[in-house]
Amino acid sequence: MWLYLAILTGLYFVFRWLRERQTVPKLQDKYVFITGCDSGFGNLLARCLDKRGMHVLAACLTRKGAEQLKEVTSQRLQTVNLDVSKGESVAAMAQWVKQQVGDKGLWGLVNNAGVGFPMAPNEWLTKDDFTKVIDVNLLGLIDVTLSLVSLVRKCKGRIANVSSAFGRIALVAGGYSISKYGVEAFSDSLRRDLRAFGVNVSIVEPGCFKTDFSTKQIVEESLHAVWARLPNDVKESYGQQYYNTYVKNLVDLSTTGNPNLHLVVDSLQHALTAVYPRSRYTPGWDSKFFYIPLSYFPTIIMDYLATRSSPRPGK
């Protein structure tokens, strides 16, 4: 029996491998819009798709980011300045995209733009701290999607939303995991809404990756600003040692991530170019074998594993 089971399992993975290798034809005729292209996943994805001959429409937060991207790509790639947290910026971008794609429609939409900080124990944060993150990671993503979804539907295209393994398990406090949980819910409902129109919606759930926004300096400066404004009674309750340990743990988590950004970008490329894209991608061994499985554990076990290295108040 075990031999038959092993053979069936092997045949399944061979069939899946062959099926997922099939690529959409005429990629050179298709337009893809990507947010957050100043650096990181979005920047690398824009360059990779440009090399494959696709028409890339890259949204950058800064003019400098847009200029640097255009210096290393072909003339096919076009850039637009976009702040996804501002409605007027999203509206202007949508009009620009419609002008660029014309009657061809938009084959791919990649919602990649995101921020992580402020990130600290919830009691240390204000409502505005949560809003800053949620406005970009969730509400901005929704705004961009609603502005462009008709263009994607027109050519039965693809939407890929960059979530996180922390959208399945909240190991960090603040608005980050909250926003990524929201991305998961929005993407799931959107996938079912658009399935009848032939549109595929994929969620990419990376583990910890080392990017330009996860440097030691950024983490320390963000936490220092939060700690400095806390009332004295809150500082005394937690203690200086708690703060020091929390900073160290968050720096370690942020700066020791996987530097191979191609793992995430390859998942995004597959979601955009494969005939049979997946509904979910989990790039990174930590996402596949720790964070995602941990989310299914009983709460008491999950809490123990998640907090065993956490600092203790007053110590």
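In this predicted model, 7 strands form an open, parallel sheet in the order E3-E2-E1-E4-E5-E6-E7. Strands (E, at least two residues) and helices (H or I, at least four) are DSSP runs numbered from the N terminus; two strands pair if DSSP finds at least two bridges between them. Strands E3 (78-81) and E7 (280-281) stand at the edges. Each has a single partner strand, so one side of each is left without a neighbour in the sheet. Strand E2 (residues 55-60) runs parallel to E3 and is joined to E3 by 4 bridges. Leu57 has Gln78 of E3 as its bridge partner.

Helix H4 (residues 87-101) packs on the sheet and touches strands E1 (31-34), E2 and E3; contact means heavy atoms within 4.5 Å. The direction of H4 makes about 160 degrees with that of E3. Axes are lines fitted to C-alpha atoms, for helices over the stretch in contact, and angles run from 0 to 180 degrees between N-to-C directions. Helix H5 (residues 127-154) lies across E1, E4 (108-111) and E5 (158-162), at about 175 degrees to E4.

H4 and H5 pack at about 20 degrees, with their axes 9 Å apart. The two helices are therefore roughly parallel to each other (angles under 35 degrees). Residues of H4 in this contact include Val90, Met93, Ala94 and Val97; among those of H5 are Val144, Leu148 and Leu151. The contact residues divide into 8 nonpolar, 2 polar and 2 charged. Ala, Val, Leu, Ile, Met, Phe, Trp, Tyr, Cys and Pro count as nonpolar, Asp, Glu, Lys and Arg as charged, and the others, Gly among them, as polar.

Residues are numbered from 1 along each chain as its sequence is written, and side-chain values use heavy atoms, without hydrogens and water. Local features need pLDDT of at least 70, and side-chain atom pairs count only at pLDDT 80 or more, whereas totals for chains, interfaces and linings use all residues.

Note on methods: Angles under 35 degrees count as roughly parallel, over 145 as roughly antiparallel, 65 to 115 as roughly perpendicular and the rest as oblique.
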